[in-house]
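I opened this model to look up the ligand site first, then the aromatic pairs, then a few backbone and loop details. My entries follow the order in which I looked.

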Amino acid sequence: MYIVMIASECAPVAKVGGLGDVVFGLCRELEIRGNSVEIILPKYDCLRYGEIYGLTVSLQDLWVPWHDRSVHCTVYFGFVHGRKCFFIEPHSPENFFNRGVFYGPADDDQRFAFFNKATLEFMLRANKHPDVIHCHDWQTGLVPVLLYEIYKQAGMTHPRVCYTLHNLAHQGVTREHILRATGLNRPGYFFHPDRLQDNFNRGAINLMKGGIVYSNFVTTVSPRYAWEIMHTDQSFGLGHTLHVHRQKVGGILNGLDYEVWNPGTDPRSAAHYTVETLDQKYANKQALRQRFWLRDVFKPIVCFVGRLDHQKGVPLITHAIGYCLQHGCQFVLLGTSPDSRIAQHFSGLKHFYNDNPDCHLELGFNEDLSHLIYAGSDMIIVPSLFEPCGLTQMIGLRYGTVPIVRATGGLLDTVFDANHANKPYGERNGYVFNDFNTAGIESALERAIGMWNNFPQHFRELMANGMRTDYSWNHPGQNYLNVYDYIREK
Ligand code: ADP
C-alpha cells in the first residue's frame, strides 16, 4: 500500500510531544510491514537539521494558490532516520515556517491552512496518488476538506483519508478568511452545522471538525479516550459531531517505538539493561544523580517528563514534588511550557528548590536528557486532568520506571494498579488514582513509596511486569492497516 502521512510533527526533526513520536513510529512500522510511506512536513526553520540525511531540492517551483495570488514554494526531500520526508518551504512575506517555534504565533490557523493547501498542490503536481492519506490533529484538518471539495475535481480521486485525533483540546477554531485564502470560498455552504461551522460559535469554522466530517475514518489514540470523547465532557464541544459520525470513529492505542525507546541498547542512557539484568538500571540512577548534582542516598527517584500544561495537572505535579521530598524521595522534572504563567510558576519552584540536594527541575526541551531520566528514575508520575493516550507512562513501563497515573484516557488502558486492578498480579504494573486532587495523588504515591521501601521484591516485580508488556507498534500497526484496508474497500 502507498501511504502519505501529513503532519505538523515528526520525531526527532520536529517534536513537541507525543504526536511527533507517533508519526515517526507508525511510519516505521508500516514500512517494516512492506508498505511505501512518505511523510510531508512544513520546512520549519527550527527543524533539527542534523537529523536529516541527504536533504535536497525535490521540486524547485511549486506555486500554491493563496487568497488571490500564488505563493512560490520549494519542496525538499530527505531521510529522517530512514523515513522518506518531504519538507515544504514557502517563499512569502508571511514567513510561515520561519518563526523559531513549531506552534504559538497568532496566525497558526493561516500557517497550517497554507501547509494543507501546499501539500495537496504538491501531490497533484508530483502526480502522487496514494491509496491512503493519513492526517493528524487540527493542523491537517483541512486536507480531507480540500481533497473532497477541490482536488478530487482536479483528478485526485484515488486517495482515501484516515484522520487521527491526538488531542481535542486544540481544534483550530478560526474565521471565514481561511475559506477565502484556501480557495474553498462559499461561506454560506461551509458555515453549516454539517460541515465546518463550530458547534458552539456559529460565526467560526472549526478545522478539526472539518477533518472529522470529511475523512473516511477517524481514529483517536486510545480506546478509552475514544469512549470518553463520545460519552463525557472530554470532547471540548465535538461530541455531537463524533456521535453523528460514530460509524467511522474508533480508538487505536498508540505504540511506542521500541528501537528508539530500548533500555537494552539506548545510546543516550548511561548503562544498558533488560528485564533479566535489571540491576544495571542502578548505574543510570547514579548517572542521573551526577548529572543533576543530587546526593547519593538510599532513596527512590520520582520523575515527571512532559509539557507543563494545564492538561498535565500542574497543581498535582507541584504537590507531588513537595510530598515526595517530605516522604523520603528525590524528585526530578524535565518540562517546558509555552504558557508564560505556568513557565513562571515552575521557574519560581526551581528557584525555591535550588539548594535542595534531593531535587532538580530542568526547564527546557531535551530529548537526550529525557532518556537518562526514564532510565535512571524509579517512578514516574502522570497526574493528567485528561490524557488522550500518554507516552511517558509507556516509556516508563519500558524502562522499568513504575508509573503513577490518574485514571483517565489512555492511562487507564496502559497502567494497571498494583493493589486494585482487575487483573492477575503478573499484569499489574503501576499505581492509579481517581480523584484529581492532592488526596488522590497522595493515596497513590504513599502506596508506591511504601512498596519501594517495605517490599522491594514486590516493587521489582512491578518493574518487571511493565518491562514485559508489549506496547510496541506491532499491534497498533496492524490495527491501522486494518483501517486502511477497510476504507479502501468501501
Ligand atoms: P503530549 O503529546 O500530550 O505532549 P505524550 O505523553 O503523549 O504527551 O508525549 C510526550 C512525548 O514528548 C514523550 O516522548 C516525552 O518524552 C516527550 N517530551 C515532553 N516534554 C519533553 C521535554 N521537555 N524534553 C524532552 N522530551 C519531552
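The entries below start with conventions and then go through the ligand, the rings and the loops.

**Conventions.** I am working from a predicted model, in which local features need pLDDT of at least 70, side-chain atom pairs count only at pLDDT 80 or more, and totals for chains, interfaces and linings use all residues. Residues are numbered from 1 along each chain as its sequence is written, and side-chain values use heavy atoms, with hydrogens and water left out.

**Ligand shell.** The shell holds 22 residues, and the closest are Gly-18, Asp-21, Arg-307, Gly-364 and Tyr-374. By class I found 7 nonpolar, 10 polar and 5 charged residues. In this scheme Ala, Val, Leu, Ile, Met, Phe, Trp, Tyr, Cys and Pro are nonpolar, Asp, Glu, Lys and Arg are charged, and the others, Gly among them, are polar.

I then looked up which elements supply the shell. At least two residues each come from helix 1 (18-32), strand 12 (301-307), strand 13 (330-336), helix 12 (367-376) and helix 13 (392-398). Helices here are DSSP runs of H or I with at least four residues, strands are E runs of at least two, and both are numbered from the N terminus. Domain 1 (2-255 + 474-488) and domain 2 (278-468) each give the shell at least three residues; the domain bounds come from an automatic or database domain assignment.

The side chain of Asp-21 places an N or O atom 2.7 Å from an oxygen atom of the ligand. For Arg-307, a polar side-chain atom is 2.7 Å from a ligand oxygen. Asn-366 uses its backbone instead: one of its backbone N or O atoms is 3.0 Å from a nitrogen atom of the ligand. The ligand taken alone exposes 570 Å², of which the protein buries 94%. Accessible areas come from the Shrake-Rupley method with a 1.4 Å probe, and for residues only the protein chains shown count as cover.

**Aromatic pairs.** Rings of Phe, Tyr and Trp (its six-membered ring) pair if their centres lie within 6.5 Å; planes under 30 degrees apart are stacked, over 60 edge-to-face, and the rest tilted. The count by this rule is 23 pairs. I picked Trp-66 and Phe-114: their ring centres are 5.2 Å apart and their planes stand at 90 degrees, so this pair is edge-to-face. Trp-66 belongs to strand 3 (residues 52-66) and Phe-114 to helix 2 (residues 108-125), so the pair ties together parts 48 residues apart in sequence. Both Trp-66 and Phe-114 are buried. Buried means under 20% relative accessible area, exposed over 50%, and partly exposed in between (1.4 Å probe, protein chains only). The two also belong to one aromatic cluster, whose members include Tyr-44, Phe-96, Tyr-103 and Trp-138.

**Backbone details.** I noted a cis peptide bond between Ala-11 and Pro-12, with omega about -5 degrees. Pro-12 sits in the loop between strand 1 (2-6) and helix 1.

Asp-137 is not a glycine, yet its phi is positive, near 60 degrees. Asp-137 lies in the loop between strand 6 (132-136) and helix 3 (142-151) and is buried at 9% relative accessible area. Trp-293, also no glycine, has a positive phi of about 55 degrees. Its loop runs between helix 9 (281-291) and strand 12, and at 69% relative accessibility Trp-293 is exposed.

**Gln-171 and its surroundings.** What does the side chain of Gln-171 reach? I found the backbone oxygen of Ser-235 at 3.3 Å, and a polar atom of that side chain is 3.0 Å from the backbone oxygen of Leu-168. Gln-171 is in the loop between strand 7 (160-165) and strand 8 (173-174) and is buried at 9% relative accessibility. Gly-237 is 66 residues from Gln-171 in sequence and 9.8 Å from it in space, C-alpha to C-alpha. Gly-237 occupies the loop between helix 7 (223-231) and helix 8 (239-244) and is partly exposed at 23%.

Note on methods
A residue is near a molecule or strand if one of its heavy atoms lies within 4 Å of it. A polar contact is a pair of N or O atoms within 3.5 Å; within protein, one must be able to donate a hydrogen and the other to accept it, and residues adjacent in sequence count only if both atoms are side-chain atoms.
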